[in-house]
Amino acid sequence: MRHVISVKVENKSGVLARVAGLFSARGYNIDSLAVSQTEQEDVSVMTIVVRGDDRIIEQVKKQLNKLIDVIKVSDHSEYPSVQRELALVKVNAQPSKRSEVYQLAEIFRAEIVDISLKTITLELTGEPEKIDNFIELMRPYSIKELIRTGRISMNKE
Amino acid sequence: MTGAEIIVESLKKEGVEHVFGYPGGAVIPIFHQLFNAPFNFYLARHEQGAVHAADGYARASGRVGVVIATSGPGATNLVTGIATAYMDSVPLVVFTGQVSTEMIGNDAFQEADITGITRPISKHNYLVQRVDDLARIIKESFYIASTGRPGPVVIDVPVDVSKAETRFAYPEHVHLRSYKPVYKGHPLQISKACALIERAKRPVIYSGGGVISSNASEELREFVRKTGIPITTTLMGMGAYPETDPLSLKMLGMHGTCYANQAVHDSDLLIAIGARFDDRVTGKISEFIPEARVIHIDIDPSSVSKNVQVDVPIVGDCKQVLAEINKTVKAPEIGEWIDKLKKLKAENPLTYKDSEAKIKPQYVVERVYALTKGEAVICTEVGQNQMWAAQFFEYTEPRTFISSGGLGTMGFGFPAAIGAQIARPDRRVVDIAGDGSIQMNIQELIVAVQHRLPIVIAILNNGFLGMVRQWQQLFYDRRYSHTCISFAPDFVKLAEAYGAEGIRVEKKEEVDAAIARALAITDRPTVIDFRVDREENVYPMVPAGKTIKDTITRELL
């Protein structure tokens, strides 16, 4: 099952390697990882999306809690949360195809951030599933380049 | 004050008496200060020897072991020792030198990313980037190493940090918002545990190394006295409860007693205390305890329900939790169970087929036990020697059996014996060794000679890497691939070359005299080369991943 694990950590060098090491040591590939500052200057938050056996993920969460620099671990797959991601998509769009791309972009409220003779670059934020869907719709136009920030997640009150 | 002076002053503040290590370029400023520091410094002859000695010291004394080595190869030579201490939860503070901060990452001479290398094998580690942080980091390191589930902490000190100056102020307190070990067990869980205990019909206590690290031996004994529940210990837990007591089932697991394994298997309640359900204990996990409910007391939440589903987890310090349980627990009615185990114990003793023509390794261990009146501190190497030392010696006190349990580090025993002898000058320390393991850190012999440590090194010399040979015999068609090491040095001459005493024993009737002679020597180590039966095996044996039904005993062969 896919887990979205949010880890609050001390904002220090080496912490990311410690956290990532607990996954890699078990042969788990991290699907996405977003690291940023929080409301506290000396605290960072890592949002990790990882697939794996529930029992092993449970063990990894306990091991995360054991790390000296980890302040709090929460599994956002267990509670209602707001999850967002940002993507930049560069698609091939000859002038003849542009209007189709514009229309789809409008439906998804994607913003056009760059246009060249042959390509359009779109910026899209939203739930990761929405981004998945948008990318699927863009595929027929041939995606030249795609980049996603990885999901960030906040528990609902 | 310079960084190097701060290290020395901080160690003083921590009450450190003994330091183990080896100098090198990046730690010259630190060694400059160690020259007249008020510590006993033990110069190992290989950094691995230093870290194992600090480990043995920590295990024998219950205090934090301190090691200092240089950058690069000095630091990487410590790696096995750090991993050994990590696996067995031994508190160490390990200082490594590092190239100067502006050179880090440049592949500088003798540079290694030791914080990167030791990240998964240390409880925590630090790269000191500013001298202003040094005192706080040392304070935190001693705190982290010795609290909660203990473990090694590495402090990597760049050479420019050692030389830089700042005002020294050793912090009074540690502020780590993210590290707060839980010591006190949850009262509700404790009362649940007591209720289960009182109703149990076939309970067994399974006690591990955590009881020893938390100094909970007294509380454990009180718990057994109050409840009358039989007790088995892990390899790491030996000595927490006297094995001479009728309620002791001795060690369980792969080479544990048949009665301990049977008792655990048949139990309806398993009380795990400071133990972690290691695969060498459980064998095939699904058939380990088919009928038992489980109470698990452990300070490390990640140990709970890791391998076995636990009914009543109690996260806390073994000593405090047991003391709480002892206040209210009532003894269950288990007369029938005790009678059954008594019979089981009488019918399946740990034995071996003795011989007059050959020296049996088990016989040597028994004689060491007899001639030291069971009062020696026993260190072991890893393999058959380790298992025979566990089986044929009766441990009655905590911190008297010192062995690399988790990592299984060959070459650990002898340097650990050096540390143990330093920690316990009042006791004789005996390293039960194999001819393979002893050669892995034999260079440390000179340290024992230099410091006049009267360690007895009893080599059970069978000319084989015996445990691997045993597996090859039992499971790999007797293909003794590269396990025959009879092409060996003359251990007596080797001992003499180092200035130690060397004794060779080739006949059974010489065994006692040799041990007595070694014990009479009090100013230098003695190496006894016992030429034992070459193909003796360790029994009983539950093969890896199998169940107690598959136990191999001597009779089946």
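This is a short chat about side-chain contacts and surface features in a predicted model.

Student: What should I know before reading residue labels?
Tutor: Residues are numbered from 1 along each chain as its sequence is written, and chains are lettered from A in the order in which they are written. The model is predicted, so local features need pLDDT of at least 70 and side-chain atom pairs pLDDT 80 or more, while totals for chains, interfaces and linings use all residues; side-chain values use heavy atoms, without hydrogens and water.

Student: How many aromatic pairs does a search of the whole structure find?
Tutor: 14, over all chains. Rings of Phe, Tyr and Trp (its six-membered ring) pair if their centres lie within 6.5 Å; planes under 30 degrees apart are stacked, over 60 edge-to-face, the rest tilted.

Student: How are the rings of B:F20 and B:Y42 arranged?
Tutor: They are stacked, because the centres are 5.3 Å apart and the planes sit at 25 degrees. B:F20 is in strand β1 (residues 18–21) of chain B and B:Y42 in strand β2 (residues 40–43) of chain B, so this pair links distant parts of the chain, 22 residues apart. Helices (H or I, at least four residues) and strands (E, at least two) are DSSP runs, numbered from the N terminus.

Student: Are B:F20 and B:Y42 buried or exposed?
Tutor: Both are buried. Buried means under 20% relative accessible area, exposed over 50%, and partly exposed in between (1.4 Å probe, protein chains only).

Student: And what about B:W471 and B:F475?
Tutor: That pair is edge-to-face, 5.8 Å centre to centre with 85 degrees between the planes. The two residues are 4 apart in helix α20 (residues 466–475) of chain B, which means about one helical turn separates them. B:W471 is partly exposed at 23%. B:F475 is partly exposed at 33%.

Student: Which residues form one aromatic cluster?
Tutor: B:Y369, B:F393, B:Y395 and B:F401.

Student: Which ring does B:K508 lie over?
Tutor: The face of B:Y363, at 4.7 Å from the ring centre. B:R469 lies over the face of B:F464, at 5.4 Å. The test is NZ of Lys or CZ of Arg within 6 Å of the ring centre and within 35 degrees of the ring normal.

Student: Switching to salt bridges. How many over all chains?
Tutor: The whole-structure search finds 53. Each is a side-chain nitrogen of Lys or Arg within 4 Å of a carboxyl oxygen of Asp or Glu.

Student: What does the B:D311 and B:R293 bridge tie together?
Tutor: Parts 18 residues apart in sequence, because B:D311 lies in the loop between β11 (293–298) and β12 (312–315) of chain B and B:R293 in strand β11 of chain B. The closest N and O atoms are 4.0 Å apart. B:D311 is partly exposed at 38%, and B:R293 is partly exposed at 42%.

Student: Which residues are linked in a network of salt bridges?
Tutor: A:E58, A:K61, A:D75 and A:E78.
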